[in-house]
Amino acid sequence: MHTPLCRHAVGEPEEYVRQAIAKGIDEIGFSDHNPMPDGYDAAFRMTVEEFPSYIEKVVRVREQFPDFPIKLGLEADFHDGTEDFVYNTTNEYDFDYIIGSVHYLGDWGFDNPENAKRFEGRDLFELYRQYFEKVARLAASGLYDILGHPDVIKKFGHRPERPYDDLMGQALDAVHRAGMSLDVNTSGLRRPAKEIYPSRRFLELAREVGVGVTLGSDAHKPGEVGHEFGAAVELLKSVGYRDVQRYTQREREAVSL
Ligand code: ZN
Ligand code: FE
């Protein structure tokens with residue numbers, strides 16, 4: 001779940017919680033975009049100064065709904081040169097989980113629709129190689145608990161013609177070694193990719209390696225809470241998953257599907 005602090009989400013946490021309760025969801029977590037240093041992607045995230053108010057928002061909504069479990073998380077970018085900053089900010093508060101996401105290749109914010117033109121004429125296999133290589137380094141950094149929207153490089157529907165199992169496999173090995181889970185994220189269904197993140201093939205490989213999963217809708221408005229969770233659970237079961245991971249104070253626990 002996001003909050004208006006990231007400048008591209010609407011609705012206060014209270015509205016997200018009410019939606020979750022109405023949909024019969026057992027618990028939710030907020031994981032807004034982290035502050036980053038030196039103006040990195042500043043248009044799409046809270047500032048360092050706003051960081052405490054994010055924590056306060058979540059603490060306040062927890063107090064408002066004492067019987068409903070609400071987790072405090074963060075979606076933190078992985079980007080070269082910002083690792084120390086991310087380490088410091090993610091250890092500043094008692095987070096339940098930290099989602100690690102790749103949104104940039106070099107200076108290209110590739111998941112921003114305004115920059116989607118830069119996919120044109122590119123060698124997609126090579127872009128996927130760069131993306132999954134960065135995912136492997138994200139995992140090896142040890143900064144994160146969950147890999148966010150694992151194959152978001154497909155967001156606008158660009159997919160290599162050649163198979164790329166090896167690229168996914170190398171990323172998954174690193175995720176496994178780091179003891180991380182995968183964010184099975186239904187927001188991909190709302191994008192031109194029209195597919196959950198990650199793909200069925202990715203999940204099949206993940207299951208072979210023994211990587212766990214969490215369930216997320218990446219809601220940027222209250223109506224998106226729990227979006228298409230039925231489809232996500234069906235997909236997970238069909239590749240052999242029997243449980244999902246639930247995080248508290250950065251420890252995970254398996255919950256049966
Ligand atoms: Zn966002
Ligand atoms: Fe993201």
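Student: Why is R246 called partly exposed?
Tutor: R246 has a relative accessible area of 26%, and since buried means under 20%, exposed over 50% and partly exposed in between, with a 1.4 Å probe and protein chains only, R246 counts as partly exposed. Please keep in mind that this is a predicted model, in which local features need pLDDT of at least 70 and side-chain atom pairs count only at pLDDT 80 or more, while totals for chains, interfaces and linings use all residues. Residues are numbered from 1 along each chain, chains are lettered from A and ligands numbered from 1 in the order written, and side-chain values use heavy atoms, without hydrogens and water.

Student: What makes the pair of R246 and E27 a salt bridge?
Tutor: The closest N and O atoms of R246 and E27 are 3.5 Å apart, and because a salt bridge is a side-chain nitrogen of Lys or Arg within 4 Å of a carboxyl oxygen of Asp or Glu, the pair qualifies. R246 lies in strand β9 (residues 243-248) and E27 in the loop between α1 (13-22) and β1, so this pair ties together parts that are 219 residues apart in sequence. Helices (H or I, at least four residues) and strands (E, at least two) are DSSP runs, numbered from the N terminus.

Student: How many salt bridges does a search of the whole structure find, and which others can you describe?
Tutor: The search finds 20, among them the one in which the side chains of D41 and R45 meet at 3.0 Å, N to O, with both D41 and R45 buried. Another joins D165 and R201, whose closest N and O atoms are 2.8 Å apart. Since D165 lies in helix α5 (residues 165-177) and R201 in helix α6 (residues 200-209), this pair ties together parts that are 36 residues apart in sequence. D165 is partly exposed at 27%, and R201 is likewise partly exposed, at 36%. Elsewhere, salt bridges that share partners join D151, K154, R159 and E195 into one network.

Student: How do you know which protein atoms are donors of the zinc ion (ligand 1)?
Tutor: Donors are N, O and S atoms within 2.8 Å of the metal (3.2 Å for Na, K and Ca), and water is not among the atoms, so sites may look incomplete. The NE2 atoms of H8, H33 and H220 lie 2.0 to 2.2 Å from the zinc ion and therefore meet that criterion. Along the chain these donors follow the spacing H-x24-H-x186-H. H33 is in the loop between β1 (28-30) and α2 (51-64) and H220 in the loop between β8 (213-216) and α7 (229-238), so the two tie together parts that are 187 residues apart in sequence. H33 is buried, with a relative accessibility of 7%, and H220 is buried too, at 14%.

Student: Which residues are the protein donors of the iron ion (ligand 2), and where do they lie?
Tutor: They are E75 (OE), H103 (NE2) and H149 (NE2), at 2.0 to 2.2 Å from the iron ion, with the sequence spacing E-x27-H-x45-H. The iron ion and the zinc ion are separated by 5.2 Å. E75 belongs to strand β2 (residues 70-77) and H149 to the loop between β6 (146-147) and α5, so that pair ties together parts that are 74 residues apart in sequence. E75 is buried at 4%, and H149 is buried at 4%.

Student: What makes the approach of the H149 side chain to the H103 side chain a polar contact?
Tutor: The distance is 3.2 Å, whereas a polar contact is a pair of N or O atoms within 3.5 Å, where within protein one must be able to donate a hydrogen and the other to accept it, and residues adjacent in sequence count only if both atoms are side-chain atoms; the pair is therefore counted.

Student: Why is N34 called buried, and which polar atom does its side chain approach?
Tutor: N34 has 0% relative accessibility and so counts as buried. A polar atom of the N34 side chain lies 3.3 Å from the backbone nitrogen of D77.
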